[in-house]
Amino acid sequence: MGYTKIDGYNHPQERAADIAQKDKDRALAAAAPDLAARVIALENGIRALHRPVDIEPSDTICSECSWQHRAGRFFGKVVAYPCPTIALLDEEGKA
Ligand SMILES: [Zn+2]
């Protein structure tokens, strides 16, 4: 599966999540600058681990939560993206 890179993103869901994240970051930074820096760093780190990956035929899975063979192929356990971890971050941001 191949997506054309848009604005440097590998996947449309990754781009949408990043735009939403930046809105949340701005709101937090205005309210509590010190806390914002820590939270932003943590969320960025988590999202960098739990990235969307397209697999055949048309599913998008989480790269971190799914098992990947050393050769690169996902097998055994595949977790749909957004995975529970990303869903939690997305849900928390709406509160
Ligand atoms: Zn995940």
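Select H50 first: apart from neighbours within four places in sequence, H50 is in contact with C62, S63, E64, C65, C83, T85 and I86. Two residues are taken to be in contact if their C-beta atoms, placed from the backbone, lie within 7 Å. The model is predicted, and local features need pLDDT of at least 70, side-chain atom pairs count only at pLDDT 80 or more, while totals for chains, interfaces and linings use all residues. Residues are numbered from 1 along each chain as its sequence is written.

H50 lies in the loop between α2 and β1. Is H50 buried or exposed? With 21 other C-beta atoms within 10 Å, H50 is buried. The classes are buried for 20 or more other C-beta atoms within 10 Å of a residue's own, exposed for 12 or fewer, and partly exposed in between, with C-beta atoms placed from the backbone. Buried residues make up 7% of the 95 residues in the protein.

**P82.** Next, select P82, which is 32 residues from H50 in sequence and 8.4 Å from H50 in space, C-alpha to C-alpha. P82 sits in the loop between β2 (59–62) and α3 (84–94). Inspect the peptide bond from Y81 to P82: this bond is cis, with omega near 0°.

**The hairpin.** Now colour β1 (residues 52–55) and β2, which run antiparallel and are joined by four bridges. Strands count as paired if DSSP finds at least two bridges between them. The two strands form a hairpin, with three residues between them. Two bridge positions can be picked out: P52 has C62 of β2 as its bridge partner, and V53 stands opposite I61 in β2. In a regular strand, side chains alternate between the two faces of the sheet.

**The packed helices.** Move to helix α1 (residues 12–31) and helix α2 (residues 33–49), which pack at an angle of about 165° with their axes 9 Å apart. Axes are lines fitted to C-alpha atoms, for helices over the stretch in contact, and angles run from 0 to 180 degrees between N-to-C directions. The two helices are therefore roughly antiparallel to each other; the classes are roughly parallel under 35 degrees, roughly antiparallel over 145, roughly perpendicular from 65 to 115, and oblique for the rest. Select A17, Q21, D25, L28 and A29 of α1 together with P33, A36, V39, I40, E43 and R47 of α2 to display the contact. These residues divide into seven nonpolar, one polar and three charged (Ala, Val, Leu, Ile, Met, Phe, Trp, Tyr, Cys and Pro count as nonpolar, Asp, Glu, Lys and Arg as charged, and the others, Gly among them, as polar).

**L89 in α3.** Then select L89, in helix α3. Not counting residues up to four places away in sequence, L89 touches E43 and I46. L89 and I46 are 43 residues apart in sequence and 9.2 Å apart in space, C-alpha to C-alpha. L89 counts as partly exposed, because 19 C-beta neighbours lie inside 10 Å.

**The whole chain.** Along the sequence, the pattern is α-α-β-β-α. Helices (H or I, at least four residues) and strands (E, at least two) are DSSP runs, numbered from the N terminus. The C-alpha atoms fill a box of roughly 45 × 25 × 20 Å, taken along the principal axes. Among contacts between residues at least 6 apart in sequence, 27% join residues at least 24 apart.
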